[in-house]
Amino acid sequence: MKNDKISVIGCGNLGKSIAKGLLNHNEFSSNNVIATRRNLSFIEDLKEAGADITSDNLYAVSNSNIILIAVKPYNVSKIINEIKPVLKEDKHIIVSLATGLGTAEISDMLDNKFPIYRAMPNIAANIGESVTCICSKNSNQEQTEKVKFIFDAVGESLIINEELMEAATILGACGIAFVFRFIRAMIQGGIQIGFDANTAKKIVSQTVKGAAQMLQENNDHPESEIDKVTTPKGCTIVGLNEMEHQGFSSSLIKGIINSFEKIEK
Ligand SMILES: NC(=O)c1ccc[n+]([C@@H]2O[C@H](COP(=O)([O-])OP(=O)(O)OC[C@H]3O[C@@H](n4cnc5c(N)ncnc54)[C@H](OP(=O)(O)O)[C@@H]3O)[C@@H](O)[C@H]2O)c1
């Protein structure tokens with residue numbers, strides 16, 4: 001990656017998080033990141049961190065070989081038409097973050113001449129903890145490793161089949177909202193049993209973080225960890241069973257399926 005230069009076109013919420021992740025990566029030189037958006041005042045901090053910032057997308061693309069398109073989906077074709085004249089077949093890799101836009105559609109816009117990647121991170125990219133699902137068209141192993149490197153800089157990345165990309169959007173990108181809602185409900189319960197909101201948030205956030213980290217590090221099934229804390233006739237199983245009687249797992253699963261049905265439409 002030392003010889004690669006990355007342009008992030010459209011440094012809004014997500015693009016900026018990814019640019020930041022790259023700038024913080026010790027195997028990647030900050031001189032190799034170009035960040036664009038029309039209103040540069042929002043990305044002055046990227047400049048301070050070493051990135052080249054500009055509103056000139058053509059300059060960015062001409063001076064880089066990996067192009068991350070991080071604008072809203074409805075702006076992608078406009079950006080592609082704008083940068084097309086300076087794209088070179090033997091040089092550029094295109095990576096789109098746009099929700100719902102397939103690699104075939106993007107490839108068509110570029111006359112099927114370029115390696116195209118589609119990546120679905122989530123907003124935890126902001127703190128380097130995204131999960132990013134990636135698929136591609138017209139790509140090779142070396143290019144895939146480069147693209148994976150970018151998203152590993154802001155969390156973890158997985159290569160998946162494109163047919164699962166909508167499911168990845170629901171589970172990973174929308175999923176973070178589902179987790180936040182779960183956390184909010186836990187905090188509300190915590191307040192009702194005696195904690196102030198801030199203390200409840202601290203306890204719940206660290207509990208969720210610990211649980212997630214245990215699953216990642218121990219590679220266990222959640223249910224076997226639950227078994228360890230459910231004493232027979234104890235308070236944990238009473239709470240868990242009441243949650244299930246009220247439809248806890250079922251409502252989460254139904255929510256995920258409804259979101260998926262919506263995105264499929
Ligand atoms: N947020 C998520 O959780 C999430 C997750 C996965 C994927 N995505 C996808 O990621 C993409 C970005 O989402 P976001 O939430 O980061 O949107 P966002 O905050 O609106 O960022 C898009 C940025 O593009 C810039 N822009 C628009 N036109 C431009 C142009 N012609 N040249 C350069 N920059 C331009 C805008 O800044 P200026 O107005 O200053 O130019 C804006 O800040 C979307 O396609 C979305 O579907 C988002």
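Where does aspartate 111 lie? Aspartate 111 is placed in the loop between helix 5 (103-109) and strand 6 (116-120). Helices and strands here are DSSP runs, numbered from the N terminus (H or I, at least four residues, for helices; E, at least two, for strands). Phi of aspartate 111 is near 55°, a positive value in a residue other than glycine. At 43% relative accessibility, aspartate 111 counts as partly exposed. Buried means under 20% relative accessible area, exposed means over 50%, and partly exposed lies in between (1.4 Å probe, protein chains only).

The structure is a predicted model, in which local features need pLDDT of at least 70, side-chain atom pairs count only at pLDDT 80 or more, and totals for chains, interfaces and linings use all residues. Residues are numbered from 1 along each chain as its sequence is written, and side-chain values use heavy atoms, with hydrogens and water left out.

The protein chain has 265 residues, of which 38% count as buried. Its secondary structure comes to 11 helices and 8 strands. The C-alpha atoms of the chain fill a box of roughly 70 × 40 × 30 Å, taken along the principal axes.

The ligand is surrounded by 20 residues. Leu14, Arg37, Arg38, Val71 and Thr99 are the closest. A residue counts as near a molecule or strand if one of its heavy atoms lies within 4 Å of it. For threonine 99, an N or O atom in the side chain is 2.6 Å from a ligand oxygen. For arginine 37, a polar side-chain atom lies 2.8 Å from an oxygen atom of the ligand. For asparagine 13, a polar backbone atom is 3.0 Å from a ligand oxygen. On its own, the ligand has 890 Å² of accessible area, and the protein covers 84% of this. Accessible areas come from the Shrake-Rupley method with a 1.4 Å probe; for residues, only the protein chains shown count as cover.

The ligand takes the space of the second largest pocket. A pocket is found on a 1 Å grid over the protein atoms alone, as an open set of points where a 1.4 Å probe fits, with protein on both sides within 12 Å along at least five of seven lines. A molecule sits in a pocket if more than half of its atoms lie within 2 Å of its grid points.

Helix 6 spans residues 141-152 and has 12 residues. From its first C-alpha to its last, helix 6 reaches 16 Å, close to the 16 Å expected at 1.5 Å a residue. The expected span is 1.5 Å times one less than the number of residues. Buried residues of helix 6 are Gln143, Thr144, Lys146, Val147, Phe149, Ile150 and Phe151. Glutamate 142 is also in helix 6, but counts as exposed because its relative accessibility is 52%.

Asparagine 140 caps the N-terminal end of helix 6. A side-chain oxygen of asparagine 140 lies 3.2 Å from the backbone nitrogen of glutamate 142. Asparagine 138 is found in the loop between strand 7 (130-137) and helix 6. Asparagine 138 has a positive phi of about 60°, although it is not a glycine. With a relative accessible area of 42%, asparagine 138 is partly exposed.

Serine 157 lies in strand 8 (residues 155-159). Serine 157 counts as buried, at 10% relative accessibility. Its side chain makes a polar contact with the side chain of aspartate 152, at 2.7 Å. A polar contact is a pair of N or O atoms within 3.5 Å; within protein, one must be able to donate a hydrogen and the other to accept it, and residues adjacent in sequence count only if both atoms are side-chain atoms.

Histidine 92 occupies the loop between helix 4 (76-83) and strand 5 (93-96). Histidine 92 is buried, at 1% relative accessibility. A polar atom of its side chain lies 2.8 Å from the backbone oxygen of valine 61. The side chain of histidine 92 also reaches the backbone nitrogen of lysine 88, at 3.0 Å.

Glutamate 129 is in the loop between strand 6 and strand 7. Its relative accessible area is 55%, so glutamate 129 is exposed. Glutamate 129 and glutamate 156 are 27 residues apart in sequence and 7.1 Å apart in space, C-alpha to C-alpha.

Terms used: 1 Å grid on protein atoms, 1.4 Å probe; cavity = no way out; pocket = protein on both sides within 12 Å on 5 of 7 lines; lining within 4 Å.
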